[in-house]
Amino acid sequence: MEFKDISSQIADVASRYHYHKPPELLVYLQEMLSRILRFVKDLLEQLHLFNSDFSDTRMVGNLMQVLLYAAGTLCALVIIYLVFMRMTKLTQLSRLARAGASGSEMLLTSQGWLAEANSLAQKEHYKSACRAAYLSFLRLLDEQKIAPFSPTRTNYEYWYQLSKSREIQVAFRNLADVVELVWFGNKQAERADFERCLELIESARPAVDKLAESNGAKNLETVS
């Protein structure tokens, strides 16, 4: 059996083939990917997580253990960060509640503090005006028998005590945030901050009156 000589045809096809060189960027990326894969493979072998010579079922277990350790460490760091931020927040809130506390504050009514706030705002002392508005709201809660006033009580304690009314809680939290920002933060208090405090107080008044009436009705039922 004879085979036909087709070398001439092969040479003819080869002569007409033109190799297109790939882009240099693609070649570079391929080389970098190969290096990264080799590095990961060598690292896993050093950690005894992978062996190219044979299959070891312990590889999966060891890899999962490393991933669990990494996830646990990450979660622990997140928890520590959140606790630190929360403690910092509570410290600032406590400072805000105690800042400038004196016997004279106990004597002013909610309307008295509101008048003081407007007076300070007219003098463009917006930082002190915001805090005066904040104290006006605390005195209002005290007068309506919702939350007794105490200069040493933190905002978090007030917020917790206002859990009976979500609307009052939200207004108080937003009010405390504004005052805390201008009192302890780097923000310069402005007229808009003071007006925001007044808006929050006014928005909470209907809920305050409603809760006060509800508490009063319950007290009457208890007495009767």
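Student: Which residues is I168 in contact with, leaving aside its neighbours within four places in sequence?
Tutor: In this predicted model, I168 is in contact with F137, L141, I146, L162, A207, V208 and L211.

Student: Is I168 buried or exposed?
Tutor: Buried. I168 is one of the buried residues of α8, and others include F172, L175 and V179.

Student: What about the largest nonpolar core, which residues touch the most other members?
Tutor: That would be F137, L141, I168, L175 and F194, out of 36 residues in the core. Nonpolar side chains tend to be buried together in soluble globular proteins.

Student: And which element gives the largest share of this core?
Tutor: α6, with 11 residues. The elements giving two or more residues are α5, α6, α8 and α9.

Student: Back to α8: how far apart are its end C-alpha atoms?
Tutor: They are 26 Å apart, which agrees with the 27 Å that 19 residues should span at 1.5 Å a residue.

Student: New topic: how many salt bridges are there?
Tutor: The count comes to 5.

Student: Why are D177 and R173 about one helical turn apart?
Tutor: Because they are 4 residues apart in helix α8. An α-helix has 3.6 residues a turn, so residues three or four places apart point the same way.

Student: Last one: which residues make the nonpolar surface patch of about 410 Å²?
Tutor: L74, V78, Y81 and L82. L74 is in helix α3, and L74 counts as exposed because its relative accessibility is 55%, with the cut-off for exposed being over 50%.

Notes. Residues are numbered from 1 along each chain as its sequence is written. This is a predicted model: local features need pLDDT of at least 70, side-chain atom pairs count only at pLDDT 80 or more; totals for chains, interfaces and linings use all residues. Side-chain values use heavy atoms; hydrogens and water are left out. The expected span of a helix is 1.5 Å times one less than its number of residues. Buried means under 20% relative accessible area, exposed over 50%, partly exposed in between (1.4 Å probe, protein chains only). A nonpolar core is a set of buried Ala, Val, Leu, Ile, Met, Phe, Trp, Tyr and Cys residues joined through side-chain atoms within 4.5 Å. Contact means heavy atoms within 4.5 Å. Patches are made of residues with over 30% relative accessible area and no salt bridge: like charges are joined within 9 Å, nonpolar side chains (Val, Leu, Ile, Met, Phe, Trp, Tyr) within 5 Å. Accessible areas come from the Shrake-Rupley method with a 1.4 Å probe; for residues, only the protein chains shown count as cover. A salt bridge is a side-chain nitrogen of Lys or Arg within 4 Å of a carboxyl oxygen of Asp or Glu.
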